[in-house]
Each structure stands twice: as structure tokens, then as C-alpha cells.
Amino acid sequence: MGIFEPFRAIGYTTSSVPFSVQRLGTEAFVTVSVGKAFQIYNCAKLTLVLVGPQLPKKIRALASYRDYTFAAYGTDIAVFKRSHQVATWSNHNAKVNLLLLFGEHILSADIDGNLYIWGFKGIDENLEPVGHIKLDENFTPSCIMHPDTYLNKVIIGSQEGSLQLWNISTKKKLYEFKGWKSSICSCVSSPALDVVAIGCADGKVHVHNIRYDEEIVTFTHSTRGAVTALSFSTDGQPLLASGGSSGVISIWNLEKRRLQSVIKEAHDGSVLSLHFFVNEPVLLSSSSDNSIKMWIFDTSDGDARLLRFRSGHSAPPQCIRFYANGRHILSAGQDRAFRLFSIIQDHQSRELSQRHITKRVKKLRVKEEEIKLKPVIAFDCAEIRERDWCNVVTCHMDTPQAYVWRLQNFVLGEHILKPRPENPTPVKACAISACGNFAILGTAGGWIERFNLQSGSSRGSYVDPSERSGSAHEGEIVGIACDSTNTHMISAGYHGDIKVWDFKGRGVPSRWEVGSSVVRIVFNRLNGLLAVATDDLIIRLFDVVASRMVRKFEGHTDRITDMCFSEDGKWLLSSSMDGSLRVWDVILARQIDALHVDVSVTALSLSPNMDILATSHVDQNGVYLWVNQSMFSGALKVGSYASGKRVVSVKLPSVSSTKGSEAEDIDKPVGNSAQIEDALPTLVLQIPDLVTLSSYPKSQWQSLINLDVIKERNKPIEPPKIPEKAPFFLPSVPSVSGEIMFKPTGSTNEAKGGEESSRIKGALAPSVFLQVLRSSAEMKNFSEFTDFIKTLSPSSLDMELRILQIVGDEDEEPEKLVPIELLLDYFIDKTACRNNFDFVQAVIRVFLKIHGETIRRQSQLQDKASKLLDVQRNTWQRVDKMFQSARCMVTFLSNSQF
């Protein structure tokens, strides 16, 4: 595994599998499939409540009952209780494509015509099916449903166009309907007895009486395509909703037997499922366009309006960028949508508004695609001016103008930036200055123009007098960048010419040729380095101020798709169509890590905190997140994880992060175990050049320092009075640790005779304090002793230190000095480690207050005290120097006038 480990995927709402709706109490929940996992939404506000674990294969069918979720993948069926898999049913030999909840049983049908009946009561004891039905030879099941009041009976539709009624109890076919010479795609039971609706591939909806095998009414969709979903209303209105493969939802009035309304372009893809909520005029729909929508029928004309929805990109994203200090991701996709994803709260993700698209579509009677902006090919953002004016600028495919967006309101801005209106050419590159006031646009004709974002007015163009075309570059502008002080503006032409412009004067102080066609450029404002990717698959780093190449990185074997610098400028990340994602160390000028995924990376972005990497991939509608292991693990050295020049194959992150990732080597230890073991103690001891506090309550170590004052303040005013009738207590002996030690019962003579011996034993036996101190000194690791004294109360710790006090001016016994020496060794070790800094300093103060005179008289103790002084001075001077630097900077900035 490399530096970046798969975390999870965001932006997925549903895939091409029909949903399952169930009601628990007063709330309704919908279970949807997202590739190899499932998600459960609360229908009240479509909030995400649960994400299931990752399965080995994509889910093909879903069913749910209370806490249980049944997911068919491949030839197996997984049974989940909430998010925990409790069983796997594996009797099918072909792919399972249908699941039906039938009382306390689940019916599953595969493409070979095998129908199994499973009981999920007592599922832990029995994993075998309770029944099996083999359907007819030329009968491929396409839909299955249970007609109301028909005991133990199901209706199965086929791709061949026939419809059969089966009794699953006797395992016999009761009747075969004549059919409609078209493949049956969907069937649903109606509130009226014996009546069902069947949707066919020819676009017709048949309302049929199954008791008499008679046709009641037939509806025909006006749009081409199959009828893929059906649902009857149960709130008293005689309505039937039908969804087609074209994304249109039709509402049919059953009493008047005609079309009542049409929800045009309800979805961008085929409608997979429709469901009317019980006794509510609310319709839930899902589609393969990665969206779930709720429609309510409360208008005077009976038309439906959109109530709420959850959606993601219906086409793969092309550009992504972290925003809001890494909490959100801006994403532009091929579906003409510009979205904001939250990596923390799913319900905060949303699509940026393009100003009343739905109303304009109805008014102009055109398709939504004709009004929506074309796909974004490049964009830039500046958070500094988010509250003042528009702070995002976007370039669109084959569009001669750029658009601005205001992220504070999540809406398209009022200004349209049109460079060189007399000779318009498509805008290809854009950049926003560090101050957030200006946007610079580059066109396919080589023109560069600067605009004011607040007013949308042009503020001049950049023209190179040496160019014959009278523009900035001879060919297309590939990239534009600005430095942090609005001193320079950098532009790159397709033919390999890089120019550094004077931002205000619009002159060209320096330029150079790369020698190959430029694909993409990325500029880091912190270190002033420009990364240039070219057609020869080489990444070159240029120092913009010195106008010379400082680094060259080679390794990609196909077209480079995207690059980004880390926030500190030490890493450069690049992706290619060869499926690799490489991490380059700018300082060491070498590759430190490389990943290979099955689906090529099209765009990437590293968060400002360098903790999360976001990527988008070919033919994938989501955004994939990777975590930086060096930010969340024990090893301090990146080399513990980095693979160097070796390319590590990794699978894409899953929607669910409960099991981590799909990495091939997920169970293997990362990096060299010896290196990690060596690095872990270093991290536990101390962060380099810093001191670490103890996280100990401030009142505890302050009470230790001021214990004498506290005792004096709490001294009783008068002596305690002896109670008239003293209560009975068990005889006990006080101990230093505070634990009560009961005296053994025995004769008075034994107690008197053993009094002297107990005094001797008590004087000879060391306390727990000294035992832990000596054992820690022998092991040369005082962590256990630190943890022990932190558990003592301030008064107990003070008592332990005072017990070691030596009284008298004559020569002390050497044995009595040993605990003091050990304590000095402990203080030297912990001060040098700079761990638990505040707590250790408080203990040192109390220790010197008690034993300072003893140390002054003993030469062997004076040497250790001098060593402690040196360590203390060096540690504090290092910290004080950082404090002084910070104070000087704050003072300078507070007195400066900009």
C-alpha cells in the first residue's frame, strides 16, 4: 500500500437497480443500490441513515423487511441486519435478477428460470431454501409480483411476452395468460381486487383483470421506449403512474381512461422504480441518472411538482477542486451540472443553480439541455471574496464567454465575461487572482483578457508585440496562473511557449520554450514553481522568477490528465491515462509513491490540510476519496508507506468505509514493520521541536503547587468535638495509598505482642510509590511511573514526596538518598522528552521545595541537579524562542499599516 489509502466514494445516490420501500412505524424508508453497496434513506427528508458494506459484485436486486435487507449479487443473495451481514444464500447457479418479499419468505429468480423460496425467520440456523420451482424452458423471468388476496400465489412476467400465475405452496403453474406479443418489463397490483397493470417493451400499459383474463384498458406512451416502472395511487385518486426508458413519467386517470399529465424530463435516464406512498399524494421515483425524486400532486390542475430530491452527477466529472478548507469539493461534470459535494454531511451536497431552468423550459417549451450551460472544461475559485461578490469563474465547452458563480448563494452570477467580443473564440483557460478581485481568461485564439469580478468589466488585455496575430500567444491558451502578490501572471500556449507577464503593466519581462506541446500547467503560489505537463509525457518544473527549469519528472506512459501541488509545495501529484497516480517529491527530485487503478484518473485535488485526496475517473459518476496515511498513523517517515518507484495496484474506494477499502493488500502490514515499530515510540514520546502538555486537569497540578495555601485556608477554626455516642467502625489501619486495611481479629495479647513487629515491617516495606519508581528505573522507561503518579490526588502525591524527606544535619545514610536520586533521574528523562510538560514542572517545583536543602548538602545529588538544570534550560530556551518569534510577528503586524 502507498501513501494514499482508499477511503470512500461520494456523489452516488442510486444505480440501475429498482429500490425497495418499507414503512417502520410512522416513517418510510427507501433502500437503493449504489454499485456494490446499498444505502437507506429516510423518506421524510431523503436523509441518508445507513450505508451497507461492500459486496464482491454489483447488486442486481433488492428487498427489505424491517431491519433486514436482502441484496442479490451474482449468483448469491446476502442477508443484512442493518449493516451487518448475517447470512449468504448460494443455491443459484445463474445470476439472480429478481427478489420479492412474500410474507416471511423471500422469492428469488435467476435468468435460467429457477425460483427459490427462502425463509428468513431463524436464519442463523438454516441457510437452505424451503422450496424450489423450475419455470418453463422458453420463459425468462423479467418481473414478479404478488396480487392482493391471492394466497400463496405470484404472477411472473417474461421477456418472451407471456405471463404466468404460480402457486408457490404447491409449486404448480395455475394459469398462463395469453400475453401481448411484447416483452413484459414491469407489473404491479392495483388497490382494486383482481386488477393488475402490466408494462411492455412496446410502450403500452395494460390494465388487466387476472380473474377473468380480460383487458380493462390500454394506455400508450407518447414517447418511444419500454414501460419500466408502474405504481397505483392509494390516496383515493384513480391514478396510475408509469415511467419509461426515456425518463418521462406519465400520469393516467383510470376513471376517465385518459392521460392526465406528463412530467417531462423527470429524469435524464430510464425510470427504474415508481412508488406511491400509502394514503399520500406523493410519488417516489428513481432513475439510472443517479437521482431519487419525490413528486407531490397538490396543484389545482392535478399536475405534479418536485417536492424534494437527492442526486449526483449523471455523467462522469471532468474537473474537481477542494473548497472551504477541505470540507467541500467543487465538481463539474459532462452532464452540464456544477455541483458542491460535502465530504462530511451528505445532505449538504447540492447542485449550483443556473437560475430558473425549470420555469424557462416550460415557458419556452424546449428541452432542458438546450437551456443549461454546456459542460465545464476548466474553473477556478477564490474563497477570500465569497461574501463580497462572485468568487468562481467557469469555462465551458465551445463557449466564447465565461460565467461567474456566487457560492455564498449557490447560484449563477449576473455577469457574463466576454473576451474580445469583436472576434469571439471559445474560452479555454481561466484563473482568479489571489486577492479575488480579478479573473483572467484565455481563448482558443491566443487572446488573454482581465476582468473585474465585482463589476464584470474588462480591465485590459495582454498583448505580445512580437506575435504576428496581435494577441498573447500564437495558438490556443492552455493554462493561466497568477502569483500571490499580483506581480506576475503566467500563461502557456499550446505550442510550448511559456510567458511571464507583468500583472499591472501587462508587459512580457520573460519567456521560454518548453520544446513540446503543453497539455496542462499548475502553479504553486508558495514556492513560485510552475509544473508543465507536455505531450512527450514529461513533467517539467520551472522557477518563474529565475526563468529556468529546476526539475524534470518522467514515468508516465500515456497522456497526463491532471496535476496538483500539495499545500506546502513539497509534493506534486500527477495522473495519467495509463491508470497511474504518481507522487513526486519536489525537494528530493524523485518519485516517492505510485498507485495504479483499473479505471484511469481524469482529475485530482489534494485538500489544503493534505489529509484527503479526491479523484474522478473514466465512466465513473462519483468522486473518490483517499486518505493520507502519514497524517493518521504512527509512522513519522513517509518512507514507511511510500512505494518509491514501484507501482502498487489498488482498487477504487467503495461507497461504504466500514471495511476500509478494497485494496488488494489490505490485510498486509504497510511498509517495513521494523521501520514502523521504530517510528511509533518516537511519536508517542514527543513531536520534534515541541513540548506536549499532559491533558491533565489544570486544577490538579495547580492544587499540587498551592497545596500549603489550600491546607491553611481549609484549616478548621475549632477542634472537632467528640460525639456522645460514637458509632461502631471496623478497626482499620490507615495507608498512604488511601486504601483501608482491616486488622485481623485475634486476642489482645497477640495484638500487643505483634505491635512492635508490625512497626518494624511497616518501616522496612517500601511503598507502592517507591516500587513503581524502582521498577521503572530498572527498565529505563518511566512511562509507567508517570501514569501512576497521575492517578494520585495532589495531597497523596505531596505525602509520598514528604515521606522521602531526610531530617538532620549530620551525614545521611546512602540508602535514604537512593529514592531522591531516582526521582532526579526521572525528572531529567521526562524533561528531555518534553512530554507531560506542565505536570512534570509542577512535580519538580514541589520536589525542590521539599528536598532542596538535602540536595544542597549532598555532592552526588548536586551533580544530578546541575544536569537537570541544563536540560531544563535547553528545553525552555527552545520553546521560548518560538514564543518570541510569534510575539515579534504579532507585534509587527499589529503596528503595520497596509
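The model is predicted: local features need pLDDT of at least 70, side-chain atom pairs count only at pLDDT 80 or more, and totals for chains, interfaces and linings use all residues. Residues are numbered from 1 along each chain as its sequence is written, and side-chain values use heavy atoms, leaving out hydrogens and water.

**View 1. The protein overall.** There are 14 helices and 59 strands. These are DSSP runs numbered from the N terminus (helices H or I, at least four residues; strands E, at least two). Of the 898 residues, 51% are buried. Buried means under 20% relative accessible area, exposed over 50%, and partly exposed in between (1.4 Å probe, protein chains only).

**View 2. The largest nonpolar core.** This core holds 32 residues. A nonpolar core is a set of buried Ala, Val, Leu, Ile, Met, Phe, Trp, Tyr and Cys residues joined through side-chain atoms within 4.5 Å. F769, F785, I789, L797, L823 and F827 touch the most other members. Elements giving two or more residues are α9 (768-779), α10 (783-791), α11 (794-803), α12 (814-833), α13 (837-857) and α14. Another core, of 26 residues, lies apart from it; A37, L606, L613 and V650 are among its members.

**View 3. Surroundings of F785.** Beyond neighbours within four places in sequence, F785 contacts F769, V772, L773, S776, L823 and Y826. Contact means heavy atoms within 4.5 Å.

**View 4. Helix α14.** The 37 residues of α14 should span 54 Å at 1.5 Å a residue; the end C-alpha atoms are 52 Å apart, which agrees. The expected span is 1.5 Å times one less than the number of residues. L861, L868, V871, T875 and V879 are the buried residues of α14. L893 also lies in this helix (residues 859-895). With a relative accessible area of 44%, L893 is partly exposed.

**View 5. Loop residues with positive phi.** R66 sits in the loop between β6 (59-65) and β7 (68-73). Its phi is near 50°, a positive value in a residue other than glycine. R66 counts as exposed, at 53% relative accessibility. K171 is found in the loop between β16 (163-167) and β17 (172-177). Phi of K171 is about 60°, again without glycine. K171 is partly exposed, with a relative accessible area of 37%.
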